[in-house]
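Work through the exercises below with the sequence and the 3D structure in view. Each task is followed by a solution in steps.

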Amino acid sequence: MKSLVWAVFLVFCFGPLCPLSGGRAGSGVSIAFQSGRSAEDPVIPADAQEKAILALKALGADRGAKAISFNTASILGVSKGVGFDSKQVQKTLKELAAKETKTTIQIDLPGDVLFDFDKWDIRPDAEGALKKVGEIIKAYRSPNVLISGHSDSKGQEDYNQNLSLKRAESVKDWLVKNAALDAGIMKTEGWGETKPVAPNTNPDGSDNPEGRQKNRRVEILIKKQ
Amino acid sequence: MSFRSKKILVFCGVSLLLSAGLFFGQQVIQTQSHNTADGVEVDLTSLEIQNNIVTVKFKLRNTAAEKQHVMIQFKDCYIMDEINQKKYYGLKDTDGLYIAGPAADNNNGGRFWFGIEAGKSMGLWIKFPQPTDNPASITISLPGVSPFESVKLAK
């Protein structure tokens, strides 16, 4: 019986209904524990709520509401939003072989990876790379993204120009639908065969498949905020 | 000691342990990681609404092996009502200081800027206006920390 009395006493002293527990069930706070936990559980000054009420009144009926801009909206829905300086983003930039300057990031995606021959539908196995591009745009909260399609020199010039534009637009559409990016920040261009990054032919005039492969690409220029 | 007394003693012991757990532990609504301070985890521990004012409390835990310095400018903290596409910054007093703490200094209306020792933690609190459209949930954004999404706004 003595043990029982002790047990009840202990539960009363340290149980959830104990006034000394202070944290969850009780309304009081033990001074001894408060000093030990002050850094972890800072005490809100007694006049803070009063000041807040005054501040709220001063804000008026809309309580200082601001419209959510694209830059804010772009991070919504990202369960793990990341800043541009995070390790994860830096790793993604490396994986995409991105070229970074003070104001921009350029990512070149090979056309052969993104699209099948003569097509502009995004290949399913290209989605991983595009997802990473979307993450970079979000991380930098870019206000301006330029997507440029390029082709090699095979085929008619007009046809290539049209195909490269359609491919750029496909990339944009994918990013809007799948990366929840605002279409308004992305512009598309189709340059056809006019801006090669490698020769389409060898010096002897023969075909240069490797060069042509490099020229079939989509460039994504991400402007930093 | 009778069998009944033993049973009661065991029951009381369990109650005691549970109570101790509640006492030393702390409720966590959601946890997000700090993006630049390696190993710093930010727990949203409390959200209360009173007089149309939302008071949020966080606990910044340094799980790394080294001391980490964390700076959070109160001016960059806000809550979002995603449904109604509105955001609300922290409330400021008549001196232009954010009603938030602890503040290391008054720079830009006040900022949390402390070194947290390895294995230690620090609390942080901020007062915001309650969104006018009474959304069921909000997103809380602290600079450098992944957003706390779908946080229920229960009175």
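The exercises that follow concern a predicted model.

**Exercise 1.** State how many helices and strands chain A has, and what share of its residues is buried.

Solution. Step 1: chain A contains nine helices and six strands. Step 2: of its 225 residues, 30% are buried. Step 3: for contacts in chain A with a separation of 6 or more, 67% come from residues 24 or more positions apart.

**Exercise 2.** Compare the reach of helix 8 of chain A with the span expected at 1.5 Å a residue.

Solution. Step 1: helix 8 covers residues 157-178 of chain A, which is 22 residues. Step 2: from first C-alpha to last, helix 8 reaches 31 Å. Step 3: the expected figure is 32 Å, and the computed reach is close to it.

**Exercise 3.** Find what the buried residues of helix 8 of chain A pack against.

Solution. Step 1: list buried residues of the helix; among them are A:N160, A:L163, A:L165, A:R167, A:W174 and A:L175. Step 2: the helices that the buried residues pack against are helix 6 (111-114) and helix 7 (127-139) of chain A. Step 3: the strands are strand 4 (144-150), strand 5 (186-190) and strand 6 (217-223) of chain A. Step 4: just after helix 8, A:A180 takes a positive phi of about 55°.

**Exercise 4.** Identify the residues with the most contacts inside the largest nonpolar core, and look at what B:I79 touches.

Solution. Step 1: this core has 38 residues, and those with the most contacts inside it are B:V56, B:L60, B:I79, B:L124, B:I126 and B:I140. Step 2: leaving aside residues up to four places away in sequence, B:I79 touches B:V54, B:K87, B:Y88, B:F128, B:I138, B:T139 and B:I140. Step 3: a second, separate core of 29 residues includes A:I137, A:Y140, A:L165 and A:I220.

**Exercise 5.** Decide whether A:R141 and B:S150 are exposed or partly exposed.

Solution. Step 1: A:R141, not a glycine, has a positive phi of about 50°, and its place is the loop between helix 7 and strand 4 of chain A. Step 2: A:R141 has 18 C-beta neighbours inside 10 Å, so it counts as partly exposed. Step 3: B:S150 is not a glycine either and has a positive phi of about 55°; its place is in strand 11 (residues 148-152) of chain B. Step 4: B:S150 has 12 other C-beta atoms within 10 Å and is therefore exposed.

Note on methods: Residues numbered from 1 in each chain as written. Chains lettered and ligands numbered in written order. Predicted model: local features only at pLDDT ≥ 70, side-chain atom pairs only at ≥ 80, totals over all residues. Helix = DSSP H or I, 4+ residues; strand = E, 2+ residues; numbered from the N terminus. Expected span 1.5 Å × (residues − 1). Buried ≥ 20, exposed ≤ 12 C-beta atoms within 10 Å, placed from the backbone. Contact = placed C-beta atoms within 7 Å. Core = buried A, V, L, I, M, F, W, Y, C linked by C-beta atoms within 7 Å.
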